[in-house]
Amino acid sequence: MVTFDYLEPKSLEEACALLNEHGDDARLIAGGTALIIMMRQRLLNPRVVISLTSIPNFDYITFDAKDGLRLGAGARHRDIELAKPVHEHYPLLHETFRKVAQPRIRNMGTIGGNLVQGDPLTDPGASLIALDAEVTLKNAGGQRVIPVEKFFVDYYQTDLQPGEILTEIHVPPSPPGLAWAHIKFLPRSLEDFATVGVALTMRLGGDRCEDIRLAFNSVAPIIMRAKRAEEVLRGQKIDDDRVGKMAEVASTEVDPMDDNRGSAEYKRELVRVLVRRAVNQALDRASAAKPSGRQAPAPA
Amino acid sequence: MKRHQALNVNGEEYDIEIEPNRLLLHALRDDIGLTGTKEGCSIGVCGACSVIVGGRLVSSCLTLAVACQGKEITTIEGLAKDGKLHPLQQAFLEYGGFQCGICTPGQIIAAKALLDSNPHPTEEEIKEWMSGNLCRCTGYYKIFESIMAVVQNKVRAEDLTARERREARIQSLGVYKSSS
Ligand code: FES
Ligand code: FES
């Protein structure tokens with residue numbers, strides 16, 4: 001493995017100062033699940049590794065009905081998965097985090113680390129986009145807040161600027177009865193990344209879709225929101241035709257590549273199928289919660 | 001630059017001199033000499049290197065030793081107490097939970113981490129939890145059975161002789177009776 005110096009700041013201010021001091025030579029570490037592999041494979045060669053694990057209260061998970069959910073960047077996947085407010089108020093997040101790798105890796109990896117890596121194959125980003133989440137980025141001089149959707153810029157590239165640390169993820173309160181679905185389609189088994197990942201939320205009004213968020217991982221250089229596809233259904237009556245049209249548009253909006261999980265063409269086809277499936281799951285769930293609810297369209 | 005590092009492993013303090021890039025896995029195996037923890041994939045997937053750090057099951061192949069300062073580390077060597085096997089170890093013997101054995105320390109440590117936080121997991125919970133520990137020999141069923149045996153308190157007395165253990169295991173396989 002590459003050699004480096006290891007620093008363990010005791011506060012965020014100290015971490016920002018160290019980051020400024022060492023600039024490009026430094027890398028931050030939290031759970032280590034991504035960085036250690038990249039260093040072992042010599043894809044990254046930092047001279048200094050700055051650990052965020054000794055910063056007090058960097059892994060909080062708090063919920064307030066008015067404000068929503070706030071996750072410290074150091075919160076681990078497993079803790080988010082098991083947190084009561086997540087389970088109760090953000091079932092989409094609970095479901096998503098439950099599917100990340102396996103429990104041992106969820107015990108280690110942090111949500112902040114996951115996002116700043118900008119790896120388009122990982123799961124949490126799409127569900128955070130579907131819930132309109134935003135991230136707080138701090139540097140020595142101040143902070144800014146941007147939507148998760150805007151955070152992913154290119155393959156393994158995020159909007160994080162030199163000297164910045166991602167400190168918090170904020171998920172606004174979900175409107176009551178928000179319909180949702182998450183599908184992680186695996187090539188073989190749990191330890192694989194998704195061939196296609198879909199996260200969907202819909203605000204329903206009778207049989208109409210008042211509002212919608214549709215996001216994907218593993219089918220583009222970034223974890224992406226499919227805005228053109230959303231437009232097909234937003235404000236419209238939900239029926240087979242429209243959902244099919246939305247799935248069609250989504251399959252052209254994504255930008256997958258050939259890899260060991262399948263060809264680009266196969267993944268586009270999967271997107272077409274999974275979008276319909278996600279809508280059906282979301283509607284089924286919504287009508288199960290409300291027994292008088294509408295009938296879901298025929299399964300894809 | 002090398003630095004002094006104290007590691008608390010299985011209740012003992014070890015003082016070692018390591019580079020900051022030393023992985024916990026290699027510190028345990030090569031600096032301390034506890035080779036029960038195995039290295040398989042080196043990328044966090046297989047679970048052979050599983051250890052418990054500060055109450056959490058982790059991959060020691062993705063953990064820096066310097067990050068374990070002041071935390072309790074449990075490895076497979078820490079399970080047997082006063083010459084008696086841990087019930088999980090006993091169960092893996094009685095129920096045939098291993099064959100070649102390379103994955104076994106990780107399996108047992110992972111199972112221990114589960115039972116520490118949830119002494120009565122459901123079958124589903126066991127399967128979900130153990131999904132991160134790969135085994136290329138057993139087909140998993142015997143591993144699952146071994147853990148179930150502990151959950152259901154079916155593990156035999158811990159002081160069987162080697163021969164009695166073998167008998168018990170053969171019986172548990174349910175295939176044939178041992179002769180002599
Ligand atoms: S060697 Fe660490 S998980 Fe495989
Ligand atoms: S016993 Fe051989 S790999 Fe599990």
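H3(B) passes H4(B) in a right-handed crossing, and that pair is a handy way into this predicted model. Two packed helices are described by the angle between their axes and the distance between the axes, so expect both values for each pair.

**H3 against H4 in chain B**

- On the H3(B) side, the contact uses Gln107(B), Ala110(B), Ala111(B), Ala113(B) and Leu114(B); H4(B) answers with Ile126(B), Trp129(B) and Met130(B).
- Sort the residues in this H3(B)–H4(B) contact by class and you get seven nonpolar, one polar and no charged.

**H2 against H5 in chain B**

- H2 (residues 87–94) and H5 (residues 141–151) of chain B pack at about 130° too, with axes 8 Å apart.
- H2(B) and H5(B) are therefore oblique to each other, and their crossing is right-handed.
- H2(B) brings Pro87(B), Leu88(B), Ala91(B) and Phe92(B) to the contact, while H5(B) brings Ile143(B), Ser146(B), Ile147(B) and Val150(B).
- The class tally for H2(B) with H5(B) reads seven nonpolar, one polar and no charged residues.

**H2 against H3 in chain B**

- H2(B) and H3(B) have axes 10 Å apart and meet at an angle of about 130°.
- That puts H2(B) oblique to H3(B), and H2(B) passes H3(B) in a right-handed crossing.
- From H2(B), the contact draws on Leu88(B), Gln89(B) and Phe92(B); from H3(B), it draws on Thr104(B), Gln107(B), Ile108(B), Ala111(B), Lys112(B) and Leu115(B).
- By class, the H2(B)–H3(B) contact has five nonpolar, three polar and one charged residues.
- A few names turn up in two of these contacts: Leu88(B) and Phe92(B) of H2(B) touch H5(B) and also H3(B), while Gln107(B) and Ala111(B) of H3(B) touch H4(B) and also H2(B).

- The size of an interface is often given as the accessible area lost when the parts come together.
- For chain B and chain A, the buried area is about 2,400 Å², with 56% of it from carbon and sulfur atoms.
- On the chain B side, Asn21(B), Arg56(B) and Leu62(B) lose the most area to chain A, together 27% of what that side buries.
- Chain B puts 29 residues into the contact, and chain A puts in 29 residues.
- The rule finds four salt bridges across the interface of chain B and chain A.
- Glu128(B) forms a salt bridge with Arg106(A), where the closest N and O atoms are 3.5 Å apart.

Technical notes:
Residues numbered from 1 in each chain as written. Chains lettered and ligands numbered in written order. Predicted model: local features only at pLDDT ≥ 70, side-chain atom pairs only at ≥ 80, totals over all residues. Heavy atoms only, no water. Left-handed = near helix turned anticlockwise from the far one by under 90°. Helix = DSSP H or I, 4+ residues; strand = E, 2+ residues; numbered from the N terminus. Contact = heavy atoms within 4.5 Å. Nonpolar A, V, L, I, M, F, W, Y, C, P; charged D, E, K, R; others polar. Buried area = accessible area lost by both parts, 1.4 Å probe. Salt bridge = Lys/Arg side-chain N within 4 Å of Asp/Glu carboxyl O. Axes fitted to C-alpha atoms, helices over the stretch in contact; angles between N-to-C directions. Parallel < 35°, antiparallel > 145°, perpendicular 65-115°, else oblique.
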